[in-house]
Amino acid sequence: MTRARASLGPVAWVRSAQAEDVGALGRVMLRGFTDAPSAPYDHDELDEDAERLGRDLLRGARIDGHLLLLTEVGATAVALARVSPRDLVCSRHVAQVALCVAPEWRGRGIGGATLREAQRRGFGELRIERLEMRVASDDAASARLAEGHGYRRERVERGALMTGGTVKDIWFYVRDR
Ligand SMILES: CC(C)(COP(=O)(O)OP(=O)(O)OC[C@H]1O[C@@H](n2cnc3c(N)ncnc32)[C@H](O)[C@@H]1OP(=O)(O)O)[C@@H](O)C(=O)NCCC(=O)NCCS
């Protein structure tokens, strides 16, 4: 199991999620998608059963080959990241990276530390050549995070996201290895 320590702020460790993390994963996802403008669904559409959400995330990791990371401060799970390779013609060299940080832990470098570890392992052991991050047009925090980690705005999908009855554009931020 790899662990990476956040360089700044609280001492945060990023590691691969394990079977015993189902509850923690689900709770971080439920909390992390609170006030998340880029989330692909409304928060109240999420299954409130944290264990079931966590099991779904782990199943994706096992069956579809996602890299699933959990970030902890002490014994508290504070963030998660998923790197999902996309099935392209004869290749899985492009992956989508998605992450969320529990609201009370934001703005302290945890998103950055989690993203750096997701990139390190995505470009390394998953042999991904290009990472994509989908960011809603009104999501300043995710845009700043992406731009600060070498992603560039590559394209926009107009009106691709509808949450809370509002239609938004989605920017694709990309970073090559
Ligand atoms: C996006 C998110 C992961 C950032 O996590 P975080 O722990 O706050 O990130 P960091 O503390 O490492 O900050 C990263 C950068 O974003 C900036 N930032 C953080 N919150 C911000 C905000 N609300 N508005 C503008 N910039 C913000 C920080 O200043 C920092 O920039 P800097 O390095 O130039 O100073 C977090 O806001 C989140 O979980 N959002 C909800 C889930 C989501 O939308 N995920 C994105 C979909 S992939």
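Which residue just after helix 4 takes a positive phi? Select G150: its phi is about 85 degrees. Helices (H or I, at least four residues) and strands (E, at least two) are DSSP runs, numbered from the N terminus.

Before moving on, note that this is a predicted model, where local features need pLDDT of at least 70, side-chain atom pairs count only at pLDDT 80 or more, and totals for chains, interfaces and linings use all residues. Residues are numbered from 1 along each chain as its sequence is written.

**Helix 4**

Select residues 140–148. S142, A143, L145 and A146 are buried here (20 or more other C-beta atoms within 10 Å of the residue's own; exposed means 12 or fewer, partly exposed in between; C-beta atoms are placed from the backbone). Seen down the helix axis, the buried residues of helix 4 fall within an arc of 165 degrees, so they line one face. That arc is taken from the directions from the axis to the C-beta atoms. Now turn to the face away from the buried side: A140 and G148 are exposed there.

Next, show helix 3 (110–123), strand 6 (130–136) and strand 8 (166–176). The buried residues of helix 4 pack against these three elements (contact: C-beta atoms, placed from the backbone, within 7 Å).

Definitions and conventions. Contact = placed C-beta atoms within 7 Å.
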